[in-house]
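I opened this model to take notes on its fold, its core and a handful of residues. The entries are in the order in which I looked things up.

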Amino acid sequence: LGASWHLVTQLLSSSSALPFEQRGFWDFALDSLENGGMMSMVRDQEEGSTTEEILTPDVPMCPFGCHCQLRVVQCSDLGLTEVPRNIPPDTKFLDLQNNRITELKENDFKGLTNLYALSVRNNKISKVHPKTFAPLKHMQKLYFSKNLLAAVPKNLPASLVELRIHENRIKKVAAGTFSGLGNMHCIEMGANPIQNSGFEPGAFKGLKLNYLRISEAKLTGVPKDLPDSLHELHLDHNQIQAVELEDLSRYRNVQRLGLGFNHIRNIENGSLSFLPMLRELHLDNNRLTRVPQGLPNMKYLQVVYLHSNNISQVGVDDFCPRGFGMKRTYYNGISLFENPVNYWEVQPATFRCVNDRFAIQFGNYKK
């Protein structure tokens with residue numbers, strides 16, 4: 001096969017383990033192809049049956065240096081300083097990552113009404129024209145991480161479902177920033193130098209998000225005005241000191257809460273009772289001295305990460321309800337390693353509502 005196909009297969013196989021990183025831009029190309037379309041195309045090329053058709057004059061040109069195939073245009077790692085011209089109008093997937101583009105202009109995506117996903121990840125973009133995204137009536141996924149943006153771009157397409165804007169220079173999210181984006185389900189905006197005060201009241205108004213990550217920022221507390229529709233909220237790698245009683249009262253639908261790698265010393269009693277649907281709780285790498293109160297009353301909680309804290313003792317009722325309590329699911333993961341508690345001092349009955357003994361992780365304490 002040609003070099004372009006080899007590059008596509010390489011990209012298809014590469015993905016990142018970190019949640020905030022883009023997982024294979026080309027995965028979406030696979031999702032959209034019906035009945036093994038890509039593989040049949042490869043077979044056709046191997047047999048030489050489509051070569052002449054691809055080179056007919058009716059087919060739009062491919063931007064110089066890029067690879068165009070099956071409505072996928074791959075222009076990454078070319079040293080581009082601007083969005084190239086001659087992008088085929090039927091393009092569904094446009095990959096411009098790892099270039100040196102500094103701004104997105106008004107007409108950069110003119111005519112690309114079929115575009116489904118755009119990656120401009122790892123460029124040097126600091127300016128976006130207010131009308132840049134106007135032609136992109138059907139775009140659902142936008143990857144903008146690792147750029148120089150000081151604010152979330154304006155006038156994002158109403159069709160947008162997923163926005164990844166990790167690792168920029170955003171310090172403020174103004175009220176109404178996401179207005180009109182009722183289809184949005186996922187926002188990743190970590191690794192921006194944003195403090196709690198950087199979120200204006202109403203910054204997330206109108207959003208019905210399932211997933212939000214604001215990791216590696218400068219938050220000192222749980223933000224109060226995030227969408228109440230969230231199923232996943234990740235605030236890891238911040239400077240949060242404590243979880244106070246009302247901090248989580250808005251987030252009753254959250255099933256997965258990430259608070260690892262903060263400075264949390266205290267979780268106020270009763271604060272976790274606002275999360276009746278919680279299934280997974282990450283509190284590792286904090287400064288807790290005890291297991292948070294309220295865990296036995298959480299019916300669906302299955303995974304609790306408490307490793308790398310300062311927990312010196314674990315009570316027999318810290319995880320499981322007494323007698324025939326209300327808990328409906330067994331734990332399948334509790335991590336307590338790297339705490340100053342000796343596992344032999346913890347009563348076996350402490351873990352009576354754990355799936356099996358392999359679900360409990362103890363380990364050595366490192367001072």
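The entries below go from the whole chain to single residues.

**Ground rules.** I am working with a predicted model, in which local features need pLDDT of at least 70 and side-chain atom pairs count only at pLDDT 80 or more, while totals for chains, interfaces and linings use all residues. Residues are numbered from 1 along each chain as its sequence is written, and side-chain values use heavy atoms, with hydrogens and water left out.

**Confidence.** I looked up pLDDT, the predictor's confidence in each residue from 0 to 100. The protein averages 86, and 82% of the residues score at least 70. Over residues 1-57 the pLDDT is below 50, yet this stretch has 71 contacts in the model beyond near neighbours in sequence. A contact here means heavy atoms within 4.5 Å.

**Whole chain.** I counted secondary structure from DSSP runs, taking helices as H or I of at least four residues and strands as E of at least two, numbered from the N terminus. The protein has 4 helices and 18 strands. Of its 367 residues, 47% count as buried. Buried means under 20% relative accessible area, exposed over 50%, and partly exposed in between, with a 1.4 Å probe and protein chains only. Among contacts between residues at least 6 apart in sequence, 49% join residues at least 24 apart. I also noted an accessible surface of about 18,300 Å², 49% of which belongs to carbon and sulfur atoms; the areas come from the Shrake-Rupley method with a 1.4 Å probe.

**Core.** Which residues have the most contacts inside the largest nonpolar core? They are Leu96, Leu118, Leu212, Ile214, Leu295, Phe319 and Tyr331, in a core of 84 residues. Such a core is a set of buried Ala, Val, Leu, Ile, Met, Phe, Trp, Tyr and Cys residues joined through side-chain atoms within 4.5 Å. I then listed the neighbours of Leu96, leaving out residues up to four places away in sequence: among them are Cys75, Leu80, Val83, Ile101, Phe109 and Leu118.

**Aromatic pairs.** I searched the whole structure and found 8 aromatic pairs. Rings of Phe, Tyr and Trp (its six-membered ring) pair if their centres lie within 6.5 Å; planes under 30 degrees apart count as stacked, over 60 as edge-to-face and the rest as tilted. Phe178 and Phe204 are stacked, at 5.6 Å centre to centre and 20° between the planes. Phe178 is in the loop between strands S8 (162-164) and S9 (186-188) and Phe204 in the loop between S9 and strand S10 (211-213), so the pair ties together parts 26 residues apart in sequence. Phe199 and Phe204 form a tilted pair, at 5.6 Å and 40°. Phe178 and Phe204 are both buried, and Phe199 is buried as well. Elsewhere, ring pairs link Phe319, Tyr331, Tyr343, Trp344, Phe351 and Phe362 into a cluster.

**Val173.** This residue lies in the loop between S8 and S9. I read a relative accessible area of 1%, so Val173 is buried. Setting aside residues up to four places away in sequence, Val173 touches Phe178 and Phe199, among others. The C-alpha atoms of Val173 and Ala151 are 6.9 Å apart in space, and the two residues are 22 apart in sequence.

**Ser159.** I placed this one in the loop between strand S7 (141-143) and S8. Ser159 is buried at 17% relative accessible area. Its side chain reaches the backbone oxygen of Met139 at 2.6 Å, a polar contact being a pair of N or O atoms within 3.5 Å; within protein, one must be able to donate a hydrogen and the other to accept it, and residues adjacent in sequence count only if both atoms are side-chain atoms.

**Thr350.** Is Thr350 buried or exposed? It is buried, with a relative accessible area of 0%. Thr350 is in the loop between strands S17 (333-335) and S18 (360-361). Its side chain reaches the backbone oxygen of Gln347 at 2.8 Å. Beyond neighbours within four places in sequence, Thr350 is in contact with Val314, Gly315, Val316, Phe319 and Cys320.

Most residues other than glycine have a negative phi. Asn98 has phi near 60° and is partly exposed at 25%. Phe261 has phi near 55° and is partly exposed at 38%.
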